[in-house]
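Take a look at the model first, and then we can walk through the geometry together.

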Amino acid sequence: MINIELPRFDFDIDLGDMRRFVQTKSEYTHVQNGIATISEDYYKARRTLLGRLLGDIDKSRGGIYIFTSSDYHVYAGKSSKLFNRIEQHIRGAGGATTLYAHLLTHVRGFHVDDPYERDIYETFVIKEFLPVLNVAKKPGDVRITQLEANTVLTSH
């Protein structure tokens, strides 16, 4: 048996400010001739807030991350560009979490530069925390479908 210990988390970020900010999107939306547009000010403010929230994440390094909601570990992943990938998930452009970005309350993780180590740590984190949206890399007895994951996340 292989014994793996997780490194200390380099960041643990409360996403509450981001969730509150996204709720103000309508304040930046203007309707003219039946067409809704979001002002550039919204995107500038979002970039500023994301930069402040994610300031502990080195933009040039890879690593492992895990998103949580108030009730569940939602999704764990790895990336060679950790900052960019986490930002995508928070913006709702992150693949598995796209429909659930509004539920994310925290993200934590650690930097790992070696791609082979990232793969090992990602697998370990998924097996250890059992995030709802990770359908692969889980032990067979806890594997669920995407539909089941949706039911779990939207039932609260």
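The charged end of lysine 59 sits over the ring of phenylalanine 83, 4.7 Å from the ring centre; the criterion is NZ of Lys or CZ of Arg within 6 Å of the ring centre and within 35 degrees of the ring normal. This is a predicted model, in which local features need pLDDT of at least 70 and side-chain atom pairs count only at pLDDT 80 or more, while totals for chains, interfaces and linings use all residues. Residues are numbered from 1 along each chain as its sequence is written, and side-chain values use heavy atoms, with hydrogens and water left out.

**Aromatic pairs**

- There are eight aromatic pairs in the structure, counted for rings of Phe, Tyr and Trp (its six-membered ring) with centres within 6.5 Å; planes under 30 degrees apart are stacked, over 60 edge-to-face and the rest tilted.
- Phenylalanine 9 and phenylalanine 110 make a tilted pair, because their ring centres are 5.9 Å apart and their planes stand at 50°.
- Phenylalanine 9 lies in the segment before β1 (11–14) and phenylalanine 110 in strand β6 (residues 106–111), so this pair ties together parts that are 101 residues apart in sequence; strands (E, at least two residues) and helices (H or I, at least four) are DSSP runs numbered from the N terminus.
- Phenylalanine 9 is partly exposed at 25% relative accessible area, whereas phenylalanine 110 is buried at 1%; buried means under 20%, exposed over 50% and partly exposed in between, with a 1.4 Å probe and protein chains only.
- Tyrosine 65 and phenylalanine 67 have ring centres 5.7 Å apart and planes at 70°, so they form an edge-to-face pair, and both residues are buried.
- One aromatic cluster is formed by Phe21, Tyr28, Tyr42 and Tyr43.

**Histidine 111**

- Histidine 111 belongs to strand β6 and counts as buried, at 13% relative accessibility.
- Leaving aside neighbours within four places in sequence, histidine 111 is in contact with residues including Asp10, Asp56, Arg61 and Leu82, where contact means heavy atoms within 4.5 Å.

**Threonine 105**

- Threonine 105 is in the loop between α3 (82–91) and β6, and is buried with a relative accessible area of 13%.
- Not counting residues up to four places away in sequence, threonine 105 touches Ile13, Asp14, Leu15, Gly16, Arg19, Thr68, Ser69 and Ser70.
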